[in-house]
Every structure is written in structure tokens, then in C-alpha cells.
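Me: Got a model open and want to talk it through. Can you take a look with me?

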Amino acid sequence: MSSAVEENDTQPSSGQEPTVPKTAKQLEKEAKKQAKLDKLKQKQEKMKETKPLLKEKTDKKESKKEVKESATYAINTPIGEKKDTSCPMPDAYSPKYVEAAWYSWWEKQQFFKPEYGGRNISDHNPKGKFVIVIPPPNVTGSLHLGHALACTVEDALTRWNRMKGKTTLWVPGCDHAGIATQVVVEKKLWKEEGKSRLEIGRENFVEKVWEWRKEKGHRIYDQLRKMGCSVDWDRESFTMDPKLCEAVTEAFLRLHSEGIIYRSERLVNWSCTLKSAISDIEVDKVELGGRTLLSVPGYKDKVEFGVLVSFAYKVEGEEEAELVVATTRVETMLGDTAVAVHPEDERYKRFHGRRVVHPFCNRTLPIVCDDFVDVNFGTGAVKITPAHDHNDYDVGKRHSLPMINILDDEGRIIGDCGEFTGMPRFAARKAVLAALKEKNLYRETKDNPMVVPICSRSKDVVEPIIKPQWYVKCDEMAANAKKAVESGELKIIPEHHKKTWYHWMDNIRDWCISRQLWWGHRIPAYFIEIDDPLVPRGNNLDNRYWVSGRSHDDALMRASHQLRTTIPQIKLRQDEDVLDTWFSSALFPFSVFGWPNQTEDLEAFFPTTLLETGHDIIFFWVARMVFFGQKLMGKLPFKEVFLHALVRDAHGRKMSKSLGNVIDPMDVISGISLEDLHSQLYSGNLDAKEIEKAKQGQKEDYPNGIPECGTDALRFALCAYMSQGRDINLDILRVQGYRFFCNKLWNATKFALMYLDRNIKPVDSGNVSVRTADSEYSLGKEVESLKFPLPSLKNLVWTDGSIVDRTLEELNGHLAECSYLEGYALSQTDLVTYEALKCKCGGGCESIGDVVLQEDEYLHLRRWMKHVNALRDSFKSSGMGRKSKEVSMYALSRPPQGIKKESPMNIWIRSRLAAAIKACNEGFETYDLPMATTACYNFWLYELCDVYLECLKPILQGNKESSVAQAAQSTLVLCFEVGLLLLSPFMPYITEELFQRLPNIAGATRPISICIAPYPEPEQYPWHNPKVEAEVEFVQKLVHVIRSARADYNLPTKVKTEANVCCLDEASASLTEKYSQDIATLAYCSKIGVIRSSDVDKPSTSGCAILTVSGECEVHLLLKGLVDPTKEREKLSKKREKLDQQVSRLVSATNAPDYESKVPEEVRAANDEKLSQLRGELARLNIAEEALQSMEQT
């Protein structure tokens, strides 16, 4: 009451609004608001108190996470000893663990040598030979992704051929890399001693290079080992080894004596920094869009490129007349010797035969007419500098123009150039431009897109300079090389590279082989000086005064004969230059085998089988090997050339240090942080701006660095990417995806080993079936009692009428050491083996089954057959033998015979295995490696792991002694073993690790290593079953429908439900019943029922989702009691909104007016596919919502 009076008595102060009394509702609202604020305050205070505790927990969690590193192999295993696989498998796949110790063991066991197993390389191998030489990487470098791709492909092919039983050799080697190595050692010398090579002299410098090679040269080989390359290290070749040096000298000598190598003065690519000629492949062509400033070694300021400077030449005798010419290298006008015009150009016809005046040099230049001039380009008048431009050189030759060289070896102006003489070339560029302006001869400068030639080694701008050099005459050799491809004698794969081959051969130029270096093969040519006044002195370009020899003394003898004079009068001076590195590389396919000496290796392994390399060196290396092979050996150096694509980054860009997208394969194998990637940039030649640009590129592509992927994943990815004819856009995420695939293999094997016995008994191993013409004969117990010297004899993988040649080779090898299988006396083992092999002797020949043995093969086996055939009757009559029958042995790995009705899933997985075997072999045979990798990947991931292994879980977890479980175990081990064999050429490390851990099959003995295990052949596994595959395809479709619906309704896999399959036809019903247990397992159902259209009592569909499988089949998936219909509908409604928005955006984009013309076809196809998927999801949502709605109503 009082408060009310006070409230009413309160008078408002001057200028204030009167206070309006609050209602009860407002007061209640304020109270609630205050309560919320108080609660929030309390919560915040509590958070402050608990924050340190939470941080501590988080830190502990993080530290715990950091501690959990990938497993490493810690068992003390001496180098070269076999890895211990008896220990438990780590929880997860770890590349470090898996790749440890295997390579040194492979190497020590000599698995990679063609002589492995006591084989004589000179003996005929009916399986054939596979010989390949490595494209020798530079000794200075480390493996880049191009090397990694080449090595992976070559190793996969080599391993496959080795497993096929061929005599296999992959020769490793390294290139001395003349320019690259000399640059590296010169920098090292300057950094460590502050001296140049000129200061210490040639001999001492070459010693320094050899020291560097001994210290650093092994790095590239260590990386090849890391990549798992199965090369024969005992045959490793370095292009500066004495053996290869002898080959280089011999090749030069022979070609020079025939006149194919000669000396001439021509234009070459000259590096002023290196002071040497360089090959075309060492010239990077940098494209410029217009005016650009580039850094050039030796110049403080950047140099301008990408502009076209126009200036005038005054016509002699006519003050006002002039010819305006344009050039991108204005300093070269100091070497101009003519101005060319087109003979039909009306503008200049009156000047034909006239001359123009050079403004700086004391000479006039003729105006010449030549058809090469484009009348529509520029002014139609072209300055001609024959000594410094390739096109001008040809014009100069045609018109007999003087060749005026204005540059010395260091790029300084020389000759009669007035004030410009002695200037560095790009300083002269500025000075000449200024002088032209001063004489009022300058006309204009404009942007000009152009290509600047940059030396890949020194980063200097390459200058065309005329120099006396040694050349190889190539026209005749090119014609022969072209014929070899046209006739099919030499096969180039992919075939579209033939066009490039023909282009090079048709437009061949003679090959400059001189290099002005100290490191390399010094040219074995000597200039002859005669101490006789009656004999004229020779010219440096006169080939008559040059002689080559294997040594100085040999050259003296040849010089005496050549010039018909006595040795005392002759003085020889050896050429200072060395040969182009490609010269020794061109001899590589036969120099590695000891040519010119007739060695056993040369006889056995040349010509090689295949050359595999990148298509970018088809001319620089491939063609030249063919040239020298045909010329020096009289035959092609290889039968096939397989050219792989270039590796680019994930965006399709060429890998460049300045873009930060260069990937070191060792970083992919071991992993690297972003910070360490950044730090690598500072070791190169990038400037500060380029480093920042590269850092940004690395940050965008590898924000978290590059994850550890391992060798196997990298190898598999590179082979999987290799679509013939396309460049490879390598995405590290895809490589990481194959690392996850390795983890899947690891986990699948680990899971299987939990349920598999260490020694699995094949279902019918106690009664191995041996069929005869009239009865079935059991060898089971007899085989067990015999002492087989070769396990493979006891466990042959045979099919009717087919023999395993590899086993016969082993048998032949065994019989080379002793007369009979058990020593020097005939035994029951000989007799049983003779009969099992279906041996026949008589009529002057021996045969095994239907195969007649040739006179030159299996000599010891044929001798044994004759002896057993002659002695077996007396052996039997003595009571020691038994009645002979012709038999054909079947494999332990054949389908089990002891089960009355075999599981259809066993039949299906064997059928899919047979398909994978066929695809893998076909992929290798046709060099379609993605076909093989896809077959392996799909079999392991989608068929063995996702389907078969899942179906086996209930069986393996049940009674392991049952015949069904025994058959499952036998089939599973077979799938794992054969699956690993298929993968082994691509993934050598993980397949070896898992192969060694597989349980044994009773009566079977595995090879000591997967490296030398026989590769599965389609004929050995004739299990293709289209009928069962079609059945399982129906099952998978049904399972997919159920699992998709479960995902739509957010049912976890642990929640089992029931499903009734309603079938309108008997075929679908029978199939569903046949595979009901497998469907239930794969679809996470507790029960699968079958409802036929003829059934009277059909279960109610209330509470079920109706799912369509086909026109004859639908699934009633019971959801009632498992989901909350209201909540699920809300979730589906939100999902629908998102899908509708995506559909709307896509439809809007596709309806744009310029969509068809501007958007690439592949993008449009991807959009169409995405739209179809989204609409399919919306259709499924409609069905799901209807089902949930019906559940709400019941």
C-alpha cells in the first residue's frame, strides 16, 4: 500500500518521460532472463575452473597420440639374413616395418641373377629370356619421379618375367653426366678451396671428380634399392668404367675410320658459363609472352627479352633510301653479313644487287634474294647473321656469305666491332641500342612473344656460335632405323610414337659429339703435325690430318700409314674435348656386356628384349642406340621399345622447382613435413621471389606435408596411372589411397591368420586323385612315404595334358648332379615319377605327355628317362615295383573333391581369381599395366575382402573341423597365396612379408621367396564360372539395395534386422534361398526370408520399407521398432533440402546460354553424372519417407 502511494506520489523531473508501470508478464519475463544470465555466469566460472584440467587431459591425449607411431622392425637381423616373420604382426600396416631387411636378403640369395638356381646362362631356356638395361640415371642426381616411374615399370616387368620362369636379367648402371658432374665438382672446389679447375689443372681436376664419385655416387644406387629394383648388382656398369671406356674408344675408332665420324665447323648450342657446346636436350625453351626481365649468370642487372627492336640500314649510294629490319637480339647486328628480301617482293625489287652500309663496322652488306623471307612479317626485310642464328646459317651457306663470329667462349664481343669490342654480350645489347638511337637509325621497340633458350645446367642464355667440332654422319643410319620400325622388326609402344620416330629420321641432322669439358671420355682423336718442310701443315678442319687410335702408340702407327711418312717425323696432339655423354649411352645395351670383346654375357644377353624409357628421349637416346646397334653389331639392340608418359603434378603442370611442385619419390616413401619441403627450396638456384612463389604452391598442394606412403604404394600408384599415351597427373592423395590399400591387405591377412591353422589340411590331401584311363588310382600314402629330392615333384601344379616347365627345369638340374632321383641307384621314386609324368621313350625320341622333347633341351632328364625305361621292367619283376599305369597328376590346389556339395561362394571366388589371373597376364603381355593393377585391386578389395572374407567369418568362427570350414580354409589360403603372387611385381615388400606368414598346406612346399615363385598362369586355374558369377552378381545387387536403405535410415551395422525377399519368378526365389546365409551376412540381417508369388500366407508389410531390386524382385526390410519414424523423417527432410539445393545449382549451371560451348566436354559429362546421382538419391529419399510415414500411421 505504501509503495503504491510512493509510486503514485513520485513526480517526474523536468524533461523526463513518465515511468510506465510494468505488467506481471513483463516482470516474469525479466526474472526468467535474469535466471538465465545467472546460470550462464555460473557456467562460465565453472569453465574457468575446469579449463586447466581439460587442457591437461587434452595434452595427455595429444601426447598419447604422438607416442603412437607406426611400428618398426626391431629384431636384430644381420644384413643379408632372412627377416624373422615368426613374431606377431603389428596392429596396422607400417611401411618402415614391412620394408625392413628384405632387400639385403634378396640380394644375398642372388634371386636377381640370371644364374640363380645353378642355371647356365648359355643353356637354352624353353621359357625364353628377358633382358633389359636401365636407362642410366646421372651420377650427380637423386631419383626424381620420372626415374621412379621408369624403375617401377621396368622392375614390375622384370619380376613378372622372372616369375614366368624365364632367364631374367636387369642390368643397372649410372651415367657419368659430363656437364652436370663437372659443374657440381667445380662448385665444390670453389667453395672448399677457393680455386677454379683451371688453377689445379686437368689431371688433378679429374682426380677430384673421381673422389666425389666414390663419396657421393652410391646415393642413386641406394635409392634404387629403396625402390625395390631387382637388378643384378654384380653387373652394375658406370659409363666411365674401364670396360665401357674401351667400348667408347673402339666405337669412335671404327666410325672415324669409315668416315662416319668427321670434323667440321658449324653452329652449335653454346653455354658461355660452361664454355662448352651442349646438346638440344640440355636446352630449356622458356616461352615469354612479351617484354620480360630475366636473371642471367654473370650480370648484376636483369636482361630484357621478349621485345622486337627495329632499326634501319642505309642503302649504299642513296642517302634517303633505307631497309628497316627487326631483331630480338640487337647486339648480333655486329655480325650481320647481309640483308635478305623475297625475290617477288615489289617493295625491294629496285634494291636487288645493291648493298647497305653497316653503321659501326667498316663493311657493306649485300642485299640478297631468298624464298625463306616471309613478305608479310615485319617489313619484309631480314638481317642475316650466319654465325649466330640457325636459319641465317642456312641462308649464308646458300649465298656463300662470310661467317663472322662476334663472341668469344665467355660471351664477350670480339673482332672488328669498334667501341663494342670486349663488352659482355648483354652490355653490348644496351650499348648498340643507344648507338643506333644516336645515329638516328633506331625505329621502334615492341613486345614480341618468343622462346628463350636456357642452359638447363648453368641457367645461362644459350648462344648459337660457329665452332669446329666432331660430328656423326646420321643419314644412312637414320634410314635403316626407319626401315626397322616400318618392317615391324622394331616395335614401338604405344604406336602413336612412330610418327615422332619417322619425323626425326626424315629430318635428321648430323650429330655434334664434341664437348669442351674435362670430365668424360676424352676424344681418342689426334691432330697430326709433320716435322718435314716438304709436307704442308694441316688445317684443324682438314680430316686428313686427324687420326684416331686405341692409344697414342696405336695412333702413331695409323698416322704413319695415313700420311705415308715415318713415325719419328710425326708429332700427335690429342683433342682436348670430350665426347657427348649420349655417345657412351648409345653403346650401353652392348658395352655393359663387354663389347668389343666376345664375352659369354654378350653372347647370352645381346640383343636385349626391351627398352623402357620416357618418350622425351626417343631421339636423344633410343634412336642413337638403334643407330649404333645396327652399325656396330649388325643387329637391333632390342626388339621392343616401351615409352612411358611424363609425370606432372595433380593439376597437369610440368614439374618445376619454381612452382614448388617437384616431388622427390623418397619424400613420398618416407613422408615429409611442409616445413622441410620449404627448406629444400633453399638448396636450389631460385631467387627470393621464386622461393616465396614455390612455398605458396607447396602450401596449397601439401598443407600438411606429404604423408608416409611407402615404396609399395608409390610403385602401385605409378603403374596404375600409366595409361598408354597420356601424361601422368600424379596426385599424392591417390598414392596415399594405395597405402590404405596396403593396410587393407595387412588387416585382411592378419584377420585370416587368426582363424587359419598353421598347417592346413586340404580336403582331399589324404587321397590325392590320380586318374587313369580305366580306374582311379590312389597315390596318397605312397607319395607320403617316398623321399622326393625336389618338393616341387611331390606338389606339382598340373592340369590334364599340361606340364609345368619350371619343375622340369629343376628336375633336369637335379639330374645333372646324380644318375637318379635318390642318388646313383634306381628307386621307387624314379618309377612313380616316370609314370606320373607320362614319360614315353622309343622311336628315337622322348616325350612327356603330349610334349615331344627336342634334342637340345632337358639333356639330363632325357638321359634319365631312357635309363628308367630300360630298367623299369626288371625293377618291377624284382618285387620292388608295381604295375605301371599312365597317369596325369592333379594339383593340390584344384577344387576339393571330398565335399559332396561345395559352397557356391568358394566356386565364385575361384572364378574371380581366375579372371584376375587372366587380366594380370594379359596386362603384362600388352604393357597395359593399369589392367593388371585394376585386376589386383578389384580382386583383393571388392571381391576377396568385401565379399568372400565377410561370408567366411561365420564359418571360420564356427566348427573349424567341419568339411565346410576345411574347404573354406583351403580356398582362402589359395586366394591369399595366388593374390599375393599377382601383386608381387608391383608390391614386392608387402607381398613378401605376407607370403612368408601364410600357413602351410599339408603336403605342399612353397618357394623360399615370392620373388622366385611361379606366376599364376590361366591354364593352371581353369575355374571361370559365368553361371555362379551371374548368381553372385544378383546377390550383390540385392545386398547393395538393403545396405543403401540401412544407410538412408541410419541403421548401424551392429543392429540386425529382418528382410523378406518377394520374388515373382522361381529363379530369383531359388537364388535367394541358395545364398540366404551369405545375403544375411553381407546385408547385416538376422534373417532372410523368401516370399513367392504363389505363397498363400504372406507376411505383413507393416513397418517395412519396400525396396525394389528388379522387375521380379523386391525387398521388405523390417524397420519397426528399430527406428524412430518422426526423428528419421526430420533427418531425411534436412537431407532433402541439401540435395534440392545441389540439384538446383547444377540445373541452373547447365541451363546457362553458353554452357554447351564454353564448358569442356568432360566437365559436362561429370555434371550429368552428378545430377543423375542426386536425382537417384532424392528418389530413394521419397521411398524412405513414404515407409516412415506408413510406420507413423500404424
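**Contacts, confidence and salt bridges**

Reply: Starting with Gln223: leaving out residues up to four places away in sequence, Gln223 touches Ser142, Leu143 and Met666, where contact means heavy atoms within 4.5 Å. Bear in mind that this is a predicted model, where local features need pLDDT of at least 70 and side-chain atom pairs count only at pLDDT 80 or more, while totals for chains, interfaces and linings use all residues. Residues are numbered from 1 along each chain as its sequence is written, and side-chain values use heavy atoms, with hydrogens and water left out.

Me: Which helix is Gln223 in? And is Gln223 buried or exposed?

Reply: Gln223 sits in helix H9, residues 219–226; helices are DSSP runs of H or I with at least four residues, strands are E runs of at least two, and both are numbered from the N terminus. Gln223 counts as buried because its relative accessibility is 9% (buried is under 20% relative accessible area, exposed over 50%, partly exposed in between, with a 1.4 Å probe and protein chains only).

Me: OK, switching topic. What's the mean pLDDT?

Reply: The mean is 85, and 86% of the residues reach 70 or more; pLDDT is the predictor's confidence in each residue, from 0 to 100. Over residues 1–20 the pLDDT is below 50, and that stretch has 1 contact in the model beyond near neighbours in sequence.

Me: Where else does pLDDT stay under 50?

Reply: Over residues 763–786, and there the model has 50 contacts beyond four places in sequence. Where pLDDT is low, the predicted coordinates should not be read in detail.

Me: What does Arg235 pair with?

Reply: Asp601, with the closest N and O atoms 2.8 Å apart. That pair links distant parts of the chain, 366 residues apart: Arg235 is in the loop between H9 and strand S4 (237–238), and Asp601 is in helix H18 (residues 600–605).

Me: Why does Arg235 count as buried? And what about Asp601?

Reply: Arg235 counts as buried because its relative accessibility is 11%, and Asp601 because its value is 17%. Both also belong to a salt-bridge network with Lys113, Glu115, Asp232 and Asp234.

Me: Last one: where do Lys695 and Glu692 lie?

Reply: Both are in helix H22 (residues 688–701), 3 residues apart, about one turn of the helix.

Definitions and conventions:
Salt bridge = Lys/Arg side-chain N within 4 Å of Asp/Glu carboxyl O.
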